[in-house]
Amino acid sequence: MNIVVDSALLVEALEDASKAISAKSIMPILGCFLIEANNKGLTVTGTDDRATIQSYIFEEHVQIERNGRVVLPKLCLEMLKKINGDVRIESNAGFNVIITSQNKEIEMAGLDPEEFPSHPAIAENEHIEISGKDLKGLFKKVVFAANIDAKDLPIITGANVYLKDGKVGMQATNRHRLSKTEKDIVSGEFGNAVIEARGLVELQKIITDKDNVEFGFSKSDDGQVVYAFARTERFTFYSRVLEGVYPDTQRMSAVPEGTTKVEVNKRELLDSIELIYTLAKEEKSNMIRLDIAEKEVSIRGKGKQTGKASESIVPINFTGQNFTISLNAKYAMDALKALDGERVTLIFSGKMQPIFFLSGEDKQSIHVVLPYRTVDA
């Protein structure tokens, strides 16, 4: 391989592909990039045992003097960031690669491209078309609620994504909270799949608002979803889906009727909880207490040794009975930040029942937080 390409373009492609490379690779080659040059341009691939990202530089932006493939360690990204202008990348005998730019020359030991894992073959028909802005918005409202480090129940390290009934929907839970959102869109009955939340977080970083995204599933011959993918002109993201049965969240996400409802200014409530959280985060549970009445919403919390704090806000609307609930401050803040609109409604149906966070300006999103069991709440 022998190519000349602008270093900034190459660094951008490498950074996108690097999002799929695990910090602890199970094989040395999975800690590397595959760089391929052909008559269509340059393709940079990063992969681990679950996700793959391919980033593209089109032929008009790269001078290809000889087609070929090289595998370079992730370290090459850090070195290329220190180079400005065009760089030449040339492979010689064996797998060694020479990178030159003006008076700089770097020789790097590569690996055998034949040993680099092949990218998945994906079906072309089971996908939706969605703007990057809308897709990122869906991720933002849901992915944080997954438990990315769960060892006892790996299925909840992912978000359950469905493409059916004219909707794209996502939900995630760590068994102590639930976030769910939907968007009406032109979609076939493509089913659902659980996609690793960690991969969706990385995908969110490389999508831009202006991207037009094909987002969908690739299935096996028997109709089972094997991969999820997101494809734009700049990149293709593939993620192997998680196996297992996702928790039945239907009952948990059903908003109860005939309950206490309180509407508040979202910014005021969020600021108050963030203040109390400064102390409450000293405790593992991040626990705060909400005392909610017609005239006042009081938020209280305490640190392990540093003291306690409280703040009150005035509700905009209130119906039902006064109630008190203790819950995880971090979960409440995440729910509030994910909701659109200036006002939020908190819904509560009884002692030890979950609290719902809703917004009239974000009607297809639901956030649920389970309470803590305390002596007086």
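# Notebook: a look through a predicted protein chain

**Entry 1. The whole chain.** I began with burial: 51% of the 377 residues of the protein chain count as buried. Buried means under 20% relative accessible area, exposed means over 50%, and partly exposed lies in between, with a 1.4 Å probe and protein chains only. I noted that this is a predicted model, where local features need pLDDT of at least 70, side-chain atom pairs count only at pLDDT 80 or more, and totals for chains, interfaces and linings use all residues. Residues are numbered from 1 along each chain as its sequence is written, and side-chain values use heavy atoms, with hydrogens and water left out.

I then looked up the secondary structure. The protein chain has 6 helices and 26 strands. Both are DSSP runs numbered from the N terminus: helices are H or I with at least four residues, strands are E with at least two. Along its principal axes, the C-alpha trace spans about 75 × 50 × 35 Å.

Next came contacts, meaning heavy atoms within 4.5 Å. I took those in the protein chain with a separation of 6 or more; residues 24 or more positions apart account for 66% of them.

**Entry 2. Surface and charge.** The protein chain exposes about 18600 Å², and carbon and sulfur atoms supply 47% of that. Accessible areas come from the Shrake-Rupley method with a 1.4 Å probe; for residues, only the protein chains shown count as cover.

I found 47 positive and 55 negative side chains. Lys and Arg count as positive, Asp and Glu as negative, while His and the chain ends are not counted. The centres of the two sets lie 8 Å apart. Each charge is placed at NZ of Lys, CZ of Arg, CG of Asp or CD of Glu.

**Entry 3. Cysteines.** How many disulfides does a search of the whole structure find? I got 0. A disulfide here is a pair of cysteine sulfur atoms within 2.5 Å. For C32, the nearest cysteine sulfur is that of C76, 8.4 Å away. C76 is likewise in no disulfide. C32 counts as buried at 5% relative accessibility, and C76 is buried at 0%.

**Entry 4. R300.** I found R300 in strand β20 (residues 297-302). It counts as partly exposed, at 36% relative accessibility. Setting aside residues up to four places away in sequence, R300 touches I276, I288, R289, D291, A309 and S310. With D291, the side chain of R300 makes a polar contact of 2.7 Å. A polar contact is a pair of N or O atoms within 3.5 Å; within protein, one must be able to donate a hydrogen and the other to accept it, and residues adjacent in sequence count only if both atoms are side-chain atoms. I also checked R300 against S272: they are 28 residues apart in sequence and 9.2 Å apart in space, C-alpha to C-alpha.

**Entry 5. H367.** Is H367 buried or exposed? H367 is buried, with a relative accessible area of 1%. H367 lies in strand β26 (residues 365-369). Its side chain joins that of S179 in a polar contact of 2.8 Å. Beyond four places in sequence, H367 touches residues including K141, F144, L178, A335, A338 and F356.

**Entry 6. Helix α6.** Two of those, A335 and A338, are also among the buried residues of α6. I counted burial along this helix (residues 329-338): 8 of its 10 residues are buried, so the rest of the structure largely encloses it. Other buried residues of α6 include Y331, M333 and L336. At the start of α6, a side-chain oxygen of N328 comes within 2.9 Å of the backbone nitrogen of K330.

**Entry 7. V264.** V264 sits in strand β18 (residues 260-265). V264 counts as buried at 1% relative accessibility.

Entry 8. Which residues have a positive phi without being glycine? Q102 has one of about 55°, and R175 has one of about 80°. Q102 is in the loop between β8 (96-101) and β9 (104-109), and counts as exposed at 72% relative accessibility. R175 lies in the loop between β12 (167-173) and β13 (177-184). At 42%, R175 is partly exposed.
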